[in-house]
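Dear colleague,

I am handing over the structure we spoke of, and below it you will find my notes on what was found. Please keep the structure open while you read, so that you can look up each place in turn.

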Amino acid sequence: MMQQFVDRLSPESRRHRYFSESSPSSDSIAALCHSSNPRSQFTLIVTRVWESTSRIIAAGSYWARDEQTAEVAMAVDDGFHGKGLGTLLLERLALIAIRHTFTHLWAVTHADNLAMREVFRESGFTTHEAYEGEDMEVELSLIPTEATVTRAEVRERLATTASLRPFFQPKSVAIIGVSRNPNKIGYRLLDAITAGQFRGAVYPVNPMATDIKEIRTYPSVQDLPEPVDLAIIAVPRDSVSSIIDECAAKGIRACVIITAGFAEVGPAGAALQQQLVTRVRQYGMRMIGPNCFGILNTDPNIQLNATFTTLCPPRGLAAMSSQSGAIGIATLAGARRFHLGISSFVSVGNKADVSTNDLLQYWEEDPSTNVILLYVESFGNPRKIARIARRVSRRKPIIAVKAGRSQSGRRAASSHTAALAASDVAVDALFHQAGVIRAESLEDLLALASGLSNQPLPLGRRVGIITNAGGPAVLCTDACEQSELVVPELSAQTRATLSSFLPLTAALSNPVDLIASATADQYAKGIETLLLADEIDALIILYMAVTVTDTAEIAHGIMAGIENGRKAGAKAKPVLIGWMAEGDMERTFSSQSETIPAYHLPEAPALVLGKAATYAEWRQQPAGMVPDFDDLNLPAVRTICADALSRRGAGWLSVEETRSVLSAIRLPVQLGGVARTADEAAALARQVGYPVAVKLASHQIVHKTEIGGVQLNLTNEEAVRKAFDSMRTRLAETNQLNAMEGVLVQPMLTGGVEVMIGVTDDPLFGPLMAFGLGGIHVEILGDVQFRITPLTDRDAAEMVRGIKGYRLLQGYRGHPAADVETIEEVLLRLSRLVEEIPEISELDLNPIFSLPPGQGCRIVDARIRIESPRHTA
């Protein structure tokens, strides 16, 4: 394939790539195909199916020039110039080069090769150009900058949005596999599209019919009278691939595959699905599904309901992606109950091609969407979704239900960190870092969506409550406190205003209880008064119906109070209603400018406001940054890990290896060293100074205290020798003497607060970092904060301040405060370590003694486990 690609290049393209208009030798071309050692060379190709044959349309390579620099070169088929393939190849090659420790790319090109020079300039990497005769030498620094990250994100977002547009804005739709049987999915798809009054052309495809539902039907995709934007495919599984071929031949670039029987049924189905994905991508198509419920767009100019239900939600500003078709149906039904409007809906099914990440990027730029809803059962690329969601959440709230919160996914491991990291912990960490609002149930999802899509975010946590019944107000107040909201006392001025129109029996504190006889006018004036109160950031209105005949008048009074408060200046305060009026539960509260969410229980508005306030606080804080440390000796760490893996295979590093790794990244390791004899132990004790701690040095024995492997406060040489001999004797008695590397001798530390830091490598999420109080507290109290790497400075600060024991680090009952800044720096350095060294699978630093401010901290005990990384490219 590579030889044919080179032969198809024009003479000018060959001259720019190979500095000759003739094709290079077959040996030279064959050399490009060897990428087994990315430290030496690597080649990437881009393929496309063309006239039923897969062909290379672009290729890029790098070769090592020295330890830090690789030469790079690319070529693109002449028919595909100007489509961004060169930029994409350079971006991917740079990422792979970085992963294999190169810091610069170098290229030489003809000075008149303006297109390639533009690719280098637009990459975002820092470039330096120098003329060498008629040629141009270009050097690119691979150190990431804000410009490189921003440009890469923009390119990806634009490309993704463009590729998804046919799904959301089709002018014509083909339904392939439509049936005359009303019970079949194909018929129901056609029924839903026509009942929804799709604004474009509809082309049913069925080889056995000439018309269905009085719509002309075509025998095959090839027989369609014009190009079609979107294909909905509901044919038997074994026919899907051939239908994709027909769609590609017809120029259809977007398809929704309803058909099931792929990865969800087992390995054989997964293999078929992978073949399908390969086919779709080689054709340059995008695919939703397979095994999905369909898509929906309520835009009045589109009105596409390409699902197999005629249930269509009201038009609104919430977009949703669901991994479950059944949950999708339930959500669309529930949306009406919550008076929640939907902008678009996608059932992603098996997510074989179009993923949640793609949809987030599309909805990020969609003016019809202001809140995004996700039902997630699994993550394909959680690190990517974290990066995208963190950006999107700055503009639009993302609310997610993640199914599968059981403890059965706990990963068995021998370190503290892995034992503490339950399967759902990583999900919580990802959502927190990315600003995603986690809903506990589908009911919560709909409640939050209704509130966030219709009301402004609260500017604070102070909530006013107005009610006509004490019981619901008590429940609402308790729910506010559970959601970390504040129900403050009202100011004297606010109480005076309320007392001017309320009866003496009314309660003027917060909650304001109008009592059961409250009138519409009292509700209106009370609501306006509370909205204008400076001590209130948000308002919850509760109403318990006394008689059914009262509800319409009270509802009118509620809306009048809200509208009057808005006109008087309270536009930025969210308002939510708890409407408990049996017989009138479907009432909506809307004005020309807004919809007020109404819930059927008094606690629901508090839950919504609590999570909205947390999200608002997250959004108000500046985005964190991943700091760069220029004093890390990462090559030394790589050497230690490589040597240990080659000699012993996967497992824990020795005590000396572990201390060397930590020292290489400039972490404050406690003084001391490893002694292999009693004489060496005594000499070390004299060197570091008494009193000392003597601990068994072993990478095989985890819990050293259980075998007498830790002895503290030893004050003389005799005690040190005795400790060494007793540990050796104990191990000999249990036939474990080979596990003894020696003993670690360290000076005793006094004062400070014991903390721990750990890392475990989650199979899906990557490195997961933990921070908590140290020693035995970490396992007994479980007071631990988790984050996914890479950590930002904001992540590190939140981890330290997020534990319940943070008061100990601030200074408590006469104890001095701890050096929090140093702890944060240790977290950030370790984050960089595990990001750069994928061989590290587990890490425990416990305890770390955090000393008073200005004195730093000391790592007393540390363990690091390594294994061959799962991903090397």
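Val692 stands opposite Pro747, a residue of strand β32. In this predicted model, strand β30 (residues 692-697) and strand β32 (residues 742-747) pair in the antiparallel sense, and six bridges join them. As a general point, the strands of a sheet pair through backbone hydrogen bonds, and the pairing may be parallel or antiparallel. Here four strands, in the order β29-β32-β30-β31, form an open sheet with antiparallel pairing. Which strands stand at the edges? They are β29 (673-675) and β31 (710-714), and each has a single partner strand, so one side of each is left without a neighbour in the sheet. From one strand to the next, the twist averages 25°.

Turning to the chain as a whole, you will find 28 helices and 38 strands in it. Its C-alpha atoms fill a box of roughly 95 × 90 × 55 Å, taken along the principal axes. Of the 873 residues in the chain, 54% are buried. If you take the contacts between residues at least 6 apart in sequence, 69% of them join residues that are at least 24 apart.

Just after α4, Thr101 takes a positive phi of about 75°. For helix α20 (residues 604-620), the 17 residues should span 24 Å at 1.5 Å a residue, and the end C-alpha atoms are 24 Å apart, which again agrees. The buried residues of α20 include Pro605, Val608, Leu609, Tyr615 and Trp618.

How are the rings of Tyr203 and Tyr218 placed, and why is the pair edge-to-face? Their centres are 5.8 Å apart and their planes stand at 65°, and planes over 60 degrees apart count as edge-to-face, so the pair is given that name. Tyr203 lies in strand β8 (residues 201-205), whereas Tyr218 lies in the loop between β10 (215-216) and β11 (230-233), so the pair ties together parts that are 15 residues apart in sequence. Tyr203 is buried, with a relative accessible area of 10%, and Tyr218 also counts as buried, at 8% relative accessibility. Elsewhere, ring pairs link Tyr523, Tyr543, Trp579 and Phe589 into a cluster.

Arg39 lies over the face of Phe102, at 4.4 Å from the ring centre, and Arg65 lies over the face of Trp106, at 3.7 Å from the ring centre. When its neighbours within four places in sequence are left aside, Arg829 is in contact with Phe629, Asp631, Leu632, Ile665, Arg666 and Leu667.

How values were computed. Residues numbered from 1 in each chain as written. Predicted model: local features only at pLDDT ≥ 70, side-chain atom pairs only at ≥ 80, totals over all residues. Heavy atoms only, no water. Phe/Tyr/Trp six-rings, centres within 6.5 Å; stacked < 30°, edge-to-face > 60°. Helix = DSSP H or I, 4+ residues; strand = E, 2+ residues; numbered from the N terminus. Buried < 20%, exposed > 50% of the residue type's maximum accessible area, 1.4 Å probe, protein only. Lys NZ or Arg CZ within 6 Å of the ring centre and 35° of its normal. Expected span 1.5 Å × (residues − 1). Contact = heavy atoms within 4.5 Å. Pairing = 2+ DSSP bridges. Axes fitted to C-alpha atoms, helices over the stretch in contact; angles between N-to-C directions.
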